[in-house]
Amino acid sequence: MKTVSMFIPCTVDLFLPDIGEATYQLLKRLGVNPVYHEEQTCCGQPAINAGYIKQAKEVAKHFIEVFGEDGAIVSPSGSCVCTVKFHYPELLCDEPAWLARAEDLAGRTYELSQYIVDVLGVSDLGAFYTGKIAYHESCHILRGLGVSEQPKKLITNVKGADFVAMKFSEICCGFGGEFANNYPDISEAMVKEKCENYIQSGADLLLLCEPGCLLNIGGYLSRNHPDKKVMHLAQFLNDAIPFRGKEN
Amino acid sequence: MEIRTEQFVEIAKKELKNARNKQFLSVLPLAITISRPRSMQSFPDPEAANEYGRAVRAEAVAGMPELLEEFEKNALANGAKIVWAKTAEEANAFVLNLAKERGIQYVTKGKSMITEEMGLNDVLQESGIEPFESDLGEFIAQQLHKPPFHIVGPALNIPVEEISDLFIAKADMKEPTTDPVKLGYAARLYLRDKFHHLAMGITGVNMAVAETGSIINVENEGNIRMNKSSPKIQVSIMSLEKVVPTMADAMHMIRLLCRNCTGQKLSAYISIDSGPKKSDEVDGPEELYIIILDNGRSEIYQDIQAREALRCIRCGACLAACPVYCKIGGYPYGWAYSGPMGQVLNPLLLGLEKTQDLYHACTLCGACKSICPAGIDHPKMFLYYRVQEANSDKKAAGGFITNKTAKFFDLWRWGTTRAWRWKMAVKTARPFVNRYAKDGTINKTIKPVEGWFRTRNLPAMARKTFHERWAEINKKVTSDQ
């Protein structure tokens with residue numbers, strides 16, 4: 001059985017652990033053996049984005065030590081995968097031994113929907129859902145990893161689901177980590193428009209693959225449109241696959 | 001031009017409430033999602049065309065010193081006069097002295113970002129030489145004393161009624177009108193008169209071709225051509241990075257510039273000057289001055305990362321692509337260059353201390369980078385500035401940000417490099433974070449992240465984190481497996 005190492009982002013660990021659990025269940029259902037290194041914490045993205053690279057470097061090294069030997073690392077977050085794939089090699093460019101390890105790791109790190117569709121070759125999970133679904137193209141998944149078709153394939157193959165187009169689905173929701181807190185007026189205008197476009201799409205469910213966007217869009221909807229739902233794709237799929245027993 | 005980059009937040013707040021801007025800005029993303037792709041499709045291979053353009057810019061920037069020397073040599077051979085200016089003040093002083101020497105009362109100008117950067121209009125005006133902007137949008141912005149709202153359309157946001165009033169007051173228009181053709185005609189009549197008696201025309205430069213010593217201007221109104229062909233003296237001002245190696249390179253960059261700028265395959269007017277009027281020619285200026293302005297760029301060039309900023313060709317595509325610009329418009333950026341272009345350039349040209357908000361007010365969404373025909377990685381530039389800012393934190397005396405952030409990240413590093421410390425920190429923080437939680441949701445403001453809670457809730461910190469759940473999910477699975 002193929003073993004895959006789960007890289008659960010800190011946002012999921014602390015605020016959205018259901019997504020972590022759904023990731024685990026999905027991978028198991030796909031016939032792979034998901035493992036979780038308990039020594040993992042955070043990938044270091046907040047420090048990199050704030051310019052504190054000395055601190056980020058140490059966190060990157062910790063991450064590389066924890067995940068260094070794994071054949072495949074899979075995460076339900078595109079931006080954290082981008083951190084590992086693109087920022088680690090930049091951070092460690094002046095330490096050749098670490099750089100080699102970082103570059104090696106970069107090639108083995110995947111976003112969840114990308115791993116399911118591109119590596120496992122599965123695009124139909126046998127899921128059922130009745131309703132209209134829209135998809136938000138998170139920045140780091142779309143432009144960072146070039147992943148867009150993969151999650152859409154998984155959604156369109158859900159039986160009974162009606163995949164609807166959402167205006168400006170590829171435009172940022174206004175999260176941006178520290179940005180959402182430091183520039184609340186601009187961030188609000190952005191997330192407000194995202195949610196208006198979601199509502200206008202006629203969908204009754206918005207799916208995405210990025211915990212940061214989920215906190216932002218979900219937080220805005222919870223405050224302003226509590227009847228509108230937004231979910232992480234992993235959790236949605238896991239819920240929408242009929243239970244076949246024997247699952248832990 | 002007044003520098004207001006430090007008022008970013010304040011001006012942005014005001015602009016967010018401007019309903020007219022909102023209406024205009026809400027359709028701006030269509031320039032990137034519809035018109036730009038449509039015009040790029042007219043290349044046989046759009047991606048190859050982009051790659052070629054990026055390569056031209058990379059080569060031009062890398063070889064800038066040698067290319068500038070080659071350009072100077074060939075431009076001199078064409079009969080142009082080359083003036084090297086180290087600073088904006090030097091360039092302004094040259095133009096002013098030349099104008100005074102020749103007894104010039106007024107000048108006309110083609111729209112140019114470099115003269116905005118220099119603040120040339122203010123300098124001329126203070127000495128009694130009236131500068132008339134001849135680009136319609138720039139003319140309006142100038143009369144209203146407003147900075148450019150957008151690099152290509154400086155007055156795109158001004159209501160037509162306001163323009164009508166303005167033209168009656170300042171451009172000899174007789175009747176109020178909202179007809180754009182009539183408004184254009186009024187401005188044309190007014191400015192045509194200035195061109196008739198013109199002694200000195202001032203323009204920017206879109207590209208300077210090293211192999212031929214030619215300068216190129218790209219425009220849609222024909223006013224730049226008037227600035228170059230009407231007067232006896234033409235002054236064209238370029239910054240160092242305008243130089244490209246060959247005419248073929250320039251032609252390709254023009255094809256990219258027009259498509260990215262306005263979604264056109266080619267703009268209505270493109271003029272190429274190789275020297276002033278020759279003895280056997282009937283029109284053109286008798287004297288052509290080309291001012292090559294440094295204004296900090298040779299220093300930028302020394303820094304291999306910062307140098308990437310010099311690739312910019314000022315097409316403005318990044319503005320329409322930017323979700324932040326499309327909410328706040330051009331004014332909050334506080335200077336000549338706005339949007340991602342300004343966020344990359346202004347910190348280098350004005351210093352990091354004055355422009356903190358410019359390199360922080362970004363979600364790092366990468367939309368600008370993904371369409372930049374010059375190959376600039378904007379988010380990487382912002383992170384680079386943030387690193388320098390964080391480093392300046394250490395210098396207690398010279399630093400310009402508080403030590404609080406540094407301390408936070410030191411603590412965070414400590415907590416993040418060992419899982420037991422991470423878990424301990426979680427246990428300590430949870431009751432504090434969740435003190436207002438109700439039904440799994442926090443909807444009351446928690447300091448110091450009040451910005452988040454202004455319009456958003458947050459899920460309560462999980463009663464059991466994934467770490468804690470994992471122990472239950474599968475006790476047998478260990479990190480050694």
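**View 1. Ile73(A) stands opposite Thr109(A), a residue of strand β4(A).** The model is predicted: local features need pLDDT of at least 70, side-chain atom pairs count only at pLDDT 80 or more, and totals for chains, interfaces and linings use all residues. Residues are numbered from 1 along each chain as its sequence is written, chains are lettered from A and ligands numbered from 1 in the order in which they are written, and side-chain values use heavy atoms, with hydrogens and water left out. Strand β3 of chain A (residues 73-75) runs parallel to β4(A), and three bridges join the two. Both belong to an open sheet of four strands in chain A, ordered β2-β1-β3-β4 with parallel pairing. At its edges are β2 (33-36) and β4 (109-111) of chain A, each of which pairs on one side only. From one strand to the next, the twist averages 35 degrees. Helix α2 of chain A (residues 17-29) packs on this sheet and touches β1 (3-6) and β2 of chain A; the direction of the helix makes about 170 degrees with that of β1(A). Strands (E, at least two residues) and helices (H or I, at least four residues) are DSSP runs numbered from the N terminus, and two strands pair if DSSP finds at least two bridges between them. Axes are lines fitted to C-alpha atoms, for helices over the stretch in contact, with angles from 0 to 180 degrees between N-to-C directions.

**View 2. Helix α13 of chain A (residues 233-240) is mostly covered.** Seven of the eight residues in this helix are buried (under 20% relative accessible area; exposed is over 50%, partly exposed in between; 1.4 Å probe, protein chains only). They are Leu233(A), Ala234(A), Gln235(A), Phe236(A), Leu237(A), Asn238(A) and Ala240(A). These buried residues pack against several elements of chain A: the helices are α2, α7 (112-119) and α9 (149-156), and the strands are β5 (128-135), β7 (205-208) and β8 (229-232). Contact means heavy atoms within 4.5 Å.

**View 3. Helix α13 of chain B spans residues 247-262.** From first C-alpha to last, its 16 residues reach 22 Å, close to the 22 Å expected at 1.5 Å a residue; the expected span is 1.5 Å times one less than the number of residues. Among the buried residues of α13(B) are Met247(B), Ala250(B), Met253(B), Ile254(B), Leu256(B) and Leu257(B), and also Asp249(B), His252(B) and Arg259(B). Gly263(B) follows the helix and has a positive phi, near 75 degrees.

**View 4. Strand β4 of chain B (residues 200-203) has β2(B) and β7(B) as parallel partners.** Two bridges link β4(B) to strand β2 of chain B (residues 106-109), and Lys109(B) has Ile202(B) as its bridge partner. Four bridges link β4(B) to strand β7 of chain B (residues 233-239), where Ile202(B) is partnered by Val235(B). Met200(B) and Ile202(B) point one way from β4(B), Gly201(B) and Thr203(B) point the other way, and all are buried.

**View 5. Thr455(B) touches residues of chain A, including Glu188(A) and Arg223(A).** Thr455(B) is located in the loop between α23 (450-453) and β12 (458-459) of chain B, and counts as buried because its relative accessibility is 8%. Leaving out residues up to four places away in sequence, Thr455(B) also touches Gly219(A), Tyr220(A) and Asn224(A). The contact between the chains takes 69 residues from chain A and 72 residues from chain B. About 6,200 Å² is buried between them, 62% of it from carbon and sulfur atoms; buried area is the accessible area (1.4 Å probe) that two parts lose on being put together, summed over both. Tyr52(A), Tyr183(A) and Arg223(A) supply 11% of the area that chain A buries against chain B, more than any other three residues.

**View 6. Ser169(A) occupies the loop between β6 (159-163) and α10 (178-182) of chain A.** Ser169(A) counts as buried because its relative accessibility is 13%. Residues up to four places away in sequence aside, Ser169(A) touches Tyr135(A), His136(A), Glu137(A) and Lys194(A).

**View 7. Glu10(B) is part of helix α1 of chain B (residues 8-16).** Glu10(B) counts as exposed because its relative accessibility is 55%. Glu10(B) and Glu138(B) are 128 residues apart in sequence, with their C-alpha atoms 24 Å apart. Of the 481 residues of chain B, 57% count as buried.
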